[in-house]
Amino acid sequence: MQVADAAESGTRTTRPAQRVLVAADKFKGSLTAVEVAERVTAGLRRVVPDLVVEALPVADGGDGTVAAAVAAGFERREVRVAGPLGDEVTAAYALRGDTAVVEMAEASGLQRLPAGVFAPLTASTYGSGELLRAALDAGARSIVFGVGGSATTDGGAGMLSALGARFATADGEPVTPGGGGLAELVSADLSGLDRRLGEVELVLASDVDNPLTGPKGAPAVYGPQKGASPEDVEALDAALTHFAKVLEETVGARAAEYAVAPGAGAAGGIGYGALLLGAGFRPGIEVMLEVLGFAPALERADLVITGEGSLDRQTLHGKAPAGVAAAARAAGKEVVAVCGRLALPPEVLGRAGIRRAYALTDLEPDVAACIADAGPILERTAERIARNFLS
C-alpha cells in the first residue's frame, strides 16, 4: 500500500493538530459533500474521540453547489421549473439575506434526464432562467450563478428566453428549444429582459474558462459528454456561432466579445448567456469559498482535509480541492486530501499545496467496491489520517 506524500514517506506529521476543518467536495456517484464530511468526521473521532472537527462542504459551482450553501446555513428554496426536456421538475436554490446561490444543474443538469437518455440538440436551459427569476422574486440582490454538469448546449438561449428575451425564426415563430434550433434563428430581441437583472450583482461561477465555440468551445469539448455525435458537435458549433452573430447584430460588438471571453463556453454555453446579462466571471471555487465563509473557518483550523472523487490533472484546473489547498497554503495551514482515486504524483500534490493524499483504492483496490462502499472505506481512511496526523 502506498500513500502519496508530498513531503516524505513517514507515517505522521511533526505536530499534532487540535482542530480539523473538513472542506471536501462530493465523491461523484458515491457520496455528497455533506456525506464526505460526515464520514471523515466519524473516522477521525474513532481515533481521537474529543477532536474538534468543523465541517464545511464545498463545491466549485457545478452540481452540489446549492447543497453546500445549505450546509453552510443558507435556506433551501424549492420551485417548479422546466427541466432540460421541457417537463416540469422541482429545483432548488439557496438564499441567505439578499444573497442567492443558483445552481443551473438543479434545473438543466444531466441528472434531470432519464437514465441513458441524452438530448444534445434539444435540451434547453429555460428552467435555469426560471430559477434565476425565482431568486429575483425572493429579493436577491446578489446572485452566485453556479454552472456545470449541464445536459444542454444552447448558449443560454433558453435561460434568456425565460427572463424575457425573444428569439424568432424567419416566420416570426419562437425558435425550437435547444442548441440545434438556433440554426433557424433570424432575429433576437433582448429588450424584454427582466429589468431587475440590471439592479443585482450576478456572478458567473464556473471551473472552466472555455470560449463559446471553436476547438476549445462548448460543443467540441463538452458536447460528447452530453451524447453529441461528431455530426451533432459540428451542427451545434455552427448554430452557436450563428447565435452569437445574430446577437452581435442586435446588441453590438459586446456580443462577439463575450463569445470569446473566458467562461462563455461553460455548461454548454450558458456562460455566454450569463455574460450577456452582465455577469462577472470568476472561478467557481473562489466564489463559493467566500460565500460559504471559508476564511474564518480556515483561521480556526490546525489541519485541513479536502478532497473529491478523483484527484487528477483536472483537479488542478479550478476544482474544489485545488482552491481549498491554495487558500490553506496561503494561510500557512497543512492540508491532506481524501479521494476515491489518486492520479497525481507526490511532487504535483506538493506544488498544489497538498501534503498527503489518501485514496480509497489504497484500502479497496476494486473500483466498483469502492464506489459501492465508499462511506465505510472513507471512514477507515480518515482513521489513518487521524493516526498519522492527530494521535
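Is the crossing of α1 and α15 left-handed or right-handed? Please describe that part closely.

Guide: The model shown here is predicted. In it, helix α1 and helix α15 make a right-handed crossing. Helix α1 covers residues 33-47 and helix α15 covers residues 374-389. Their axes come within 7 Å and cross at roughly 45 degrees. That angle makes α1 oblique to α15.

Next, the residues that touch. On the α1 side, the residues that meet α15 are V36, R39, V40, A42, G43, L44, R46 and V47. On the α15 side, the residues that meet α1 are G375, P376, L378, E379, A382, E383, I385, A386 and R387. Sorted by class, the contact of α1 with α15 holds 10 nonpolar residues, two polar ones and five charged ones. An α-helix has 3.6 residues a turn, so residues three or four places apart point the same way.

The charged residues deserve a separate look. Side chains of opposite charge can pair when their charged atoms come close. Here, E379 forms a salt bridge with R46, and the closest N and O atoms of the two are 2.4 Å apart. E379 belongs to helix α15 and R46 to helix α1, so this pair links parts of the chain that are distant, 333 residues apart. E379 counts as buried because its relative accessibility is 12%, and buried means under 20%. R46 has a relative accessibility of 48% and therefore counts as partly exposed.

R46 also meets E383 in a salt bridge, at 2.7 Å from N to O. This second pair again links helix α15, where E383 lies, with helix α1, where R46 lies, and the two residues are 337 residues apart. E383 counts as buried, because its relative accessibility is 13%.

T381 is in helix α15, and it is buried because its relative accessible area is 0%. Leaving aside neighbours within four places in sequence, T381 is in contact with V338, Y358, L360 and L363. One of these contacts, V338, leads on to another element. Strand β13 covers residues 334-342, and the buried residues of helix α12 pack against β13.

Helix α12 itself covers residues 320-330, and its buried residues are A320, P321, A322, G323, V324, A325 and A328. Besides β13, those buried residues pack against α10 (284-292), α11 (294-300) and β12 (303-311). After α12 comes G332, whose phi is positive, near 75 degrees. A positive phi also turns up at A267, about 50 degrees, although A267 is not a glycine. A267 is found in helix α9, residues 266-276. A267 counts as buried because its relative accessible area is 11%.

The side chains of R196 and D137 meet at 2.8 Å, N to O. R196 lies in the loop between β9 (187-189) and β10 (201-206), while D137 lies in helix α4 (residues 126-137), so this pair ties together parts that are 59 residues apart in sequence. R196 is partly exposed, with a relative accessible area of 28%. D137 is exposed, with a relative accessible area of 53%.

A last stop is E103. E103 is found in strand β6, residues 99-103. E103 counts as buried because its relative accessibility is 2%. Leaving aside neighbours within four places in sequence, E103 is in contact with G62, D63, G64, T65, V66, L131 and G146. The C-alpha atoms of E103 and K226 are 18 Å apart in space, and the two residues are 123 residues apart in sequence.

Key
Residues are numbered from 1 along each chain as its sequence is written. This is a predicted model: local features need pLDDT of at least 70, side-chain atom pairs count only at pLDDT 80 or more; totals for chains, interfaces and linings use all residues. Side-chain values use heavy atoms; hydrogens and water are left out. Axes are lines fitted to C-alpha atoms, for helices over the stretch in contact, and angles run from 0 to 180 degrees between N-to-C directions. Helices (H or I, at least four residues) and strands (E, at least two) are DSSP runs, numbered from the N terminus. Angles under 35 degrees count as roughly parallel, over 145 as roughly antiparallel, 65 to 115 as roughly perpendicular and the rest as oblique. A crossing is left-handed if the near helix is turned anticlockwise from the far one by less than a right angle, and right-handed if clockwise. Contact means heavy atoms within 4.5 Å. Ala, Val, Leu, Ile, Met, Phe, Trp, Tyr, Cys and Pro count as nonpolar, Asp, Glu, Lys and Arg as charged, and the others, Gly among them, as polar. A salt bridge is a side-chain nitrogen of Lys or Arg within 4 Å of a carboxyl oxygen of Asp or Glu. Buried means under 20% relative accessible area, exposed over 50%, partly exposed in between (1.4 Å probe, protein chains only).
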